[in-house]
Amino acid sequence: MTTVSRNSFLAQLSGGIDVRALGPALGQALSKAGLDASQLGAIAGSDKRIEGSGEIEDLFDLVDSLDNNGSSESFTSGQDRWATAAGAVFQELKVEVENQRLTARNHGIIHVGMRPGSSHEVAALRGANAGRGGGVHAIRSYESNGTVSLGGIRHDLTTAIGQSAFREALIADGMTADRADRLIVLVARQDDRSKDELAALGVALHKTGAGDLPITRLVLSGHSGGSDVGGDGTGSLAFGSVRDLTQVFPEGAGKIRAIAVSGCFSADLDQIESFRNAFPRLDSYWGYETFSPSAEGGAPAHMRAWEALTDGDKAAAVDPRMYNVMTWNVVDGYQWRNPKPLAEVEAKAAATAGVVDEYRSGRRLAPSAPGDPDLRAHYAALRQVQNHPDLPPSRRAEIRIRADEILHLRHPEL
């Protein structure tokens, strides 16, 4: 007869378990023993992981409740080839820990770069990710407008013929006809300049879900006003469209654990909440309260820091340690680098608002808006108000409209 002690149980399951990614065999063993995954979820708590001696001991107690050997420090796992209910659950828990450990070796990154300068971020991420597994799958959206390559063949997505040929190529590459059709519908809705990045990200999520790409992280990089990332006149990728892709490729979306938006004003609370709903296993988000560093300047260093914080399973490690960064993680919630009272940021927005009246009256002319430091300061202040945690949700839409108006004045090319 074989028994498992409390100490042995703790040692063999020390790798921890993410309760959001339980395999079907464990689910069957739990069900057969009269348990269910919700009981593991209760042990895991807010971070959705059973780890650390306290939580693993709680898991031991749950498994031990299936046993009647009279000891609270051990349970009978089986005899010869026969496993007890406790033993069967324990065996599947060990398999689950090992499977998740192997998966965790591959923390690869999808990087969607909307600008040529984003190549510097890719180089920084590849250097930081070397030896950790997974690598960086770079989508270079700036290289083409509306065309995408698959299987060595480039497809023009700006024409119906090109979209049809791309659909056939997707199916030949292993995508189901239904999903290929749904992807083409999403692509067709985009501006011609933006069709390629959406299509390429869709393919990457498909391959991630199929296990062909060892990905757990996503970077969206480019000019941003909080609701998309854009290039230098080469289109933009709307965050809403990214979320639409997750409905087509839920398996790929389910593997994404960390998102970073390397773009200005990407600490948009409404957008982050939507990402949390679209990516069900998301552990953390990294964005910028106001202006982000440029891809040609400080962004590569920021991406190296983010890569180091997200290369394991400790979601709480992701915090706003870099300039202007705001983060969310499943343990600590939202965190700001330099939090300010709402009254202070509203006062700043009010004090700088006069510049808008000058543009409306014609005292300042639209061509000067992109380089106007006063308009820049007011825009930044409005975005800080919009995304302040104490701002009533009923006011957020109003502030967003005002800020978006100034964004288009500052960047008429968008």
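Rings of Phe, Tyr and Trp (its six-membered ring) pair here if their centres lie within 6.5 Å, with planes under 30 degrees apart counted as stacked, over 60 as edge-to-face and the rest as tilted. Before going on, please keep in mind that this is a predicted model, in which local features need pLDDT of at least 70 and side-chain atom pairs count only at pLDDT 80 or more, while totals for chains, interfaces and linings use all residues. Residues are numbered from 1 along each chain as its sequence is written, and side-chain values use heavy atoms, with hydrogens and water left out.

Now to the rings themselves. The structure holds 11 aromatic pairs. One of them joins phenylalanine 9 and phenylalanine 90, whose ring centres are 5.4 Å apart and whose planes meet at 25 degrees, so this pair is stacked. The two partners come from distant parts of the chain, 81 residues apart: phenylalanine 9 sits in helix α1 (residues 6-12) and phenylalanine 90 in helix α5 (residues 85-104). Helices (H or I, at least four residues) and strands (E, at least two) are DSSP runs, numbered from the N terminus. Phenylalanine 9 is buried, at a relative accessible area of 0%, and phenylalanine 90 is buried too, at 2%. Buried means under 20% relative accessible area, exposed over 50%, and partly exposed in between (1.4 Å probe, protein chains only).

Another pair has an edge-to-face arrangement: phenylalanine 265 and phenylalanine 291 are 4.8 Å apart centre to centre, with 70 degrees between the planes. Phenylalanine 265 lies in the loop between β13 (258-262) and α12 (269-278), and phenylalanine 291 in the loop between β14 (284-288) and α13 (299-309), so the pair ties together parts that are 26 residues apart in sequence. Phenylalanine 265 is buried, with a relative accessible area of 2%, and phenylalanine 291 is buried at 18%.

Let us turn to two helices. Helix α4 (residues 52-64) has 13 residues and reaches 18 Å from its first C-alpha to its last, close to the 18 Å expected at 1.5 Å a residue; the expected span is 1.5 Å times one less than the number of residues. Helix α9 (residues 195-210) has 16 residues and should span 22 Å, which agrees with the 23 Å between its end C-alpha atoms. Helix α9 is mostly covered, with 13 of its 16 residues buried. Just after α9, glycine 211 takes a positive phi of about 90 degrees.

Further along, alanine 366 is found in the loop between α15 (354-361) and α16 (373-386). Alanine 366 counts as partly exposed, at 45% relative accessibility. Leaving aside neighbours within four places in sequence, alanine 366 is in contact (heavy atoms within 4.5 Å) with Tyr359 and Leu409. The C-alpha atoms of alanine 366 and proline 389, 23 residues apart along the chain, are separated by 32 Å.

Finally, step back to the whole chain. Its secondary structure comes to 17 helices and 16 strands, and the C-alpha trace spans about 90 × 55 × 40 Å along its principal axes. Of the 414 residues, 50% count as buried. Among contacts between residues at least 6 apart in sequence, 67% join residues at least 24 apart.
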